[in-house]
Amino acid sequence: MRPEFHLTLPAEDGTSTFPTLPGFVTDVRPSAAGPYERLARIGRAAELAGLGGVLAPFDPAGQDSLIVAGGLLRGSRHMRVSAEFHAGIATPVYAAKLSASLQRFSGDRLDWRLAVDLDPRVARSQGDFVEGTERYARAEEFLTVARGVWHEEDYGFAGRFYEVLGGGLLFPLSGREFPRVQLSGTSAEAMSLSARHADLHVFGPEDDLDPAIAELQALAAQFGRDLAYGLRLPVLAREDDDEARRDALRLWLLRSGTRETFPEPERGTRLWHGFGGVGLVGSYENVAAAIRGYLDRGVSAFFLEVEPHLEETYRLGEHLLPLLAKEIHNAG
């Protein structure tokens, strides 16, 4: 399966906690660009860098991901845009109609990332009081109804969370490609939902990847389905490992860490536990080799997390992606 590389957009307004200017430099002039223009610049950089797509993450305090996705789809020609949202934002019928409109305007380049297991406090702040495993039951109905009204006329459904009578998208919204569904999680409920509904299951770098992929493959096979597998992956890549370590330390200190508590990147794997999770820190060659290892284990889609977003996106396109293209070709 052809590898894909996507950029995860900043959740808020595109500003970075990793400044490029020295701390003593100040500029009190107001920015000429609004919050969306910052996101648009990052989106354009991602497309110019050769990335296959971007992810607009769900941000309970920020702009709506589907609105962001619409703007980025309008401002790009080729890349896919994934919008992360939860089932409580709207009925599945309205989500289908909105997404069919975006597919029509963009040539079918929209993906869905359904966030299911939200922190209860975040969910309640969004007016969503469904909790626990009920969230997975609702997500199953949400995806079932969304696909139903997308593909069928006079669609009917009666469930615990949704009810539809005589639904279905008509011309000019009918006939579009249903958004590719991305799901995540390693709980029994998450794996079962993915086996039945996901097109792409996205793991985290801290997950026990090999047994999780094997389990999900077996579950999906019971439904006659075959999934693709993705990985959320923070990355900091430089000319050599020493330069990467120095910038990782700089990032650690900016996030209120101390030199004494700085976690060293692992020499063999280049994994670093300083991103608030696990990611890759090292030379372009070593980071590319680590990603190639994930490809060999069955991962085909990478959602890269970098900062500062604009500068690092161009760095990915100039230095890292060409190495990966070369390795993939030589391996192929």
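Let's start with Glu264. At 43% relative accessibility, Glu264 counts as partly exposed. Keep in mind that this is a predicted model.

What does Glu264 pair with? Its side chain meets that of Arg245 in a salt bridge, at 2.6 Å, N to O. Arg245 sits in helix α8, residues 241-254, while Glu264 is in the loop between α8 and β10 (271-272), so the pair ties together parts 19 residues apart in sequence. Arg245 is partly exposed too, with a relative accessible area of 30%.

How many salt bridges are there? The count comes to 24.

Next pair: Glu134 and Arg160. Their side chains form a salt bridge at 2.2 Å, N to O. This one links distant parts of the chain, 26 residues apart. Glu134 belongs to helix α5, residues 134-151, and Arg160 to the loop between β5 (155-158) and β6 (163-167). Glu134 is partly exposed, at 31% relative accessible area. Arg160 has 57%, so it counts as exposed, the cut-off being over 50%.

Now a buried pair. Asp247 forms a salt bridge with Arg238, with the closest N and O atoms 2.7 Å apart. Both Asp247 and Arg238 are buried.

Last, Asp207. Where is it? Asp207 lies in the loop between β8 (200-203) and α7 (209-222). Asp207 is partly exposed, at 22% relative accessibility. A polar atom of the Asp207 side chain lies 2.8 Å from the backbone nitrogen of Gly204. Thr186 is 21 residues from Asp207 in sequence, and the two are 7.8 Å apart in space, C-alpha to C-alpha.

Methods
Residues numbered from 1 in each chain as written. Predicted model: local features only at pLDDT ≥ 70, side-chain atom pairs only at ≥ 80, totals over all residues. Heavy atoms only, no water. Helix = DSSP H or I, 4+ residues; strand = E, 2+ residues; numbered from the N terminus. Buried < 20%, exposed > 50% of the residue type's maximum accessible area, 1.4 Å probe, protein only. Polar contact = N/O pair within 3.5 Å; in protein donor to acceptor, adjacent residues only side chain to side chain. Salt bridge = Lys/Arg side-chain N within 4 Å of Asp/Glu carboxyl O.
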